[in-house]
Amino acid sequence: MRFNFFAVGLGFIFQTAFLSIRGHQLGRCPITNLFEVIIFVAWSVALFYMVVGPAYRLSLMGAFTAPLVVLLELFALIAPIEKPRSPRLPPNPWLEFHASMSLVAYGAFALACIAGVMYLVQERQLKTHHLHSIFYHLPPLTDLFAAITRLLWWGFVLYTLGLVSGFFVGEPLPWAQVFCAIGVWILYGFILQGRYLRWFAPKRVAALCIIGFSAALTLLWGITFTAQTHMP
Amino acid sequence: MNLFCVGLSHHTADVETLERFGGTAETDCVLRSCGCTEALLLSTCNRVEVYAAADNFVPTDLIARCLARTQNLQGNENFYRYEAAECVRHLFRVASGLDSMVVGETEILGQTKKAYEKARASGAAGRYFHRLFQRAFRVAKQVRTHTEITRGAVSVGSVAVDLAQKIFGELRNCKVLVLGAGETSERTVRALISRGVVDLRVSNRSPERAKALALAVTGCPVPFAEWPEQCREIDILLTSTSSEVPILSQEKLAPMLRERIDRPLFIIDIAVPRNVAPNVNTLDGVYLYDIDSLQSIAEQSLVMRREQVAAAEQIISQHVAEFAESIARGLNRGPDPEDDPTVGESSLRVSES
């Protein structure tokens, strides 16, 4: 666990350095195109892991987090994403707060998704009575579920803050972007409401975290795409 | 320095023979009379072996014969003997649990440490044994951390308790209902208590037996007619009644689960025939393990441990070579403060922590 923590930590330092340099060059938060957005999401995932990992003492969380961060960064670097140089616009603090807060929330949702995968892997082995080597390294089911719930709440609160701040931007935002953002908010609100009212068993909540994050990533692509096409 | 080991273990002798040698004073006498400068007796329920070092050559056959004679044993063919590097390898294997009946068990390391401590306190173990045994403890620790030789439980009770911990983490806040007051359930309950379970409820057809078990495990007796209602709030159900038909079915349990959808229920059914219908396992949040599945996991763990033996042997071989080299180097120089057996006291404590 210590190795995983330091490995992700080292990656986090490099990501912070990259975003900082890029931010200084742009004179604003570096989330102006899909490439930067994906790097920012990967940074948020690492950030949440750094906060959550030691607090919940979830073994193997790092081993699951590191590949996701690597995948996101590889996708950002390799995928044929157009990386337009955004014009130097006057900084809009509300817009930057809105976008960065929403993306940090994605970090929490990503980690909830990872915890969900870990939950389902373990749950399946417990149900089928076929215990593989990985089973002995995974954290207890109840601890994982508690972590999922807290991460969902963290993500939801941050996302709500991001969403509400979007109304103070002072510029007209594309309707598709607004609908996508509200759609993600409703999706996670539904999962949390279902959890609170006991509509779903923990296994279903874990599965919904995976489905939710996959949908949220797709919608994020949609949001960024529409933002880029509307860029002056 | 001539190092050797002579002994009996579960591989070569039966329990009756092993019992005869359990910590006898004659063993020390035999070793002294043979001119050994350092000696150590390791006696456990599965092995009795002596490790000795002498300045002169001592035939191990003679030691085996003498030991057999002290206990009026016919012949000495049950005794195994290891000398020099092979003796070092054997000790490292023993301390690492590779030579144990249950591969990878860790109790033997504690027993070896105790035996060394005893020999050191009595003056029977000196500078040479200090280096040898400290190295053995290091090897055992390395084998344990670098391989999965100790992974997984290998008895039905410990498998059940391990699974409970994989589901609930801390067992301190778990509520446990014991159904049936037999010997097996008592053993499993005691294993659960040892891992922190406090809230115990006991139910049995015979209220007297339920009360007796509840008293023995500081639990609370529950009338047999009321046990199904307990399923609404308990976390672990341990059943071992003599009922011929299942006493818990999916139809009975499903309505109760709706009220506790976010809390898992772990059912350990160690009764034969089974007390819980197998389809209960299909319910969300219910993990049902019967005696067969628990035994199968114990066997899986044993297989997994055996697969780790090769990796452990590799670590041991490396240490045997290093130890031989360090001894050869050490013989050509004066006494090293690190070789002082009094240092062993603190290093032993460190390795035990």
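Two strands count as paired here if DSSP finds at least two bridges between them. Strands themselves are DSSP runs of E of at least two residues, helices are runs of H or I of at least four, and both are numbered from the N terminus. With that in hand, five bridges join β9 (residues 265-269) of chain B to β10(B), and the two run parallel.

## Ground rules

This is a predicted model, where local features need pLDDT of at least 70, side-chain atom pairs count only at pLDDT 80 or more, and totals for chains, interfaces and linings use all residues. Residues are numbered from 1 along each chain as its sequence is written, while chains are lettered from A and ligands numbered from 1 in the order in which they are written.

## Chain B: the parallel sheet

The β9(B)-β10(B) pair belongs to an open sheet of six strands, ordered β7-β6-β5-β8-β9-β10, with parallel pairing. β7 (220-221) and β10 (286-290) of chain B are the edge strands, each pairing on one side only. Within the last pair, B:D269 sits opposite B:D290 in β10(B).

The loop between β9 and β10 of chain B holds B:P273. A cis peptide bond, with omega at about -5 degrees, links B:V272 to B:P273. For context, most peptide bonds are trans.

## Chain B: the antiparallel sheet

Chain B also has an open sheet of four strands in the order β2-β3-β1-β4, and here the pairing is antiparallel. β2 (38-43) and β4 (80-83) are at the edges with a single partner strand each, so one side of each has no neighbour in the sheet. Neighbouring strands are turned by 15 degrees against each other on average, direction ignored.

β1 (residues 2-9) and β3 (residues 47-54) of chain B pair over eight bridges in the antiparallel sense; B:C5 has B:Y51 in β3(B) as its bridge partner. Helix α3 (residues 60-70) of chain B packs on this sheet, touching β1 and β4, and its direction makes about 35 degrees with that of β1(B). Contact means C-beta atoms, placed from the backbone, within 7 Å.

## Chain B: domains

Chain B splits into domain 1 (2-150 + 308-352) and domain 2 (156-301), with bounds that come from an automatic or database domain assignment. The centres of the two domains, taken over C-alpha atoms, are 43 Å apart.

## Chain A: helices

In chain A, α5(A) and α6 (residues 175-196) pack at an angle of about 145 degrees with their axes 10 Å apart. Axes are lines fitted to C-alpha atoms, for helices over the stretch in contact, and angles run from 0 to 180 degrees between N-to-C directions. Among the residues that meet are A:W153, A:F156 and A:Y159 in α5(A), and A:W185, A:Y188 and A:L192 in α6(A). By class, this contact has 11 nonpolar, five polar and one charged residues.

Past α6(A), A:R198 lies in the loop between α6 and α7 of chain A. A:R198 takes a positive phi of about 60 degrees without being a glycine.

## Where A meets B

At the interface, 14 residues of chain A are in contact with 21 residues of chain B. α4 (93-128), α5 (141-166) and α7 (202-229) of chain A each supply at least two residues of chain A's side. The largest share, three residues, comes from α5(A).

Note on methods:
Contact = placed C-beta atoms within 7 Å. Nonpolar A, V, L, I, M, F, W, Y, C, P; charged D, E, K, R; others polar.
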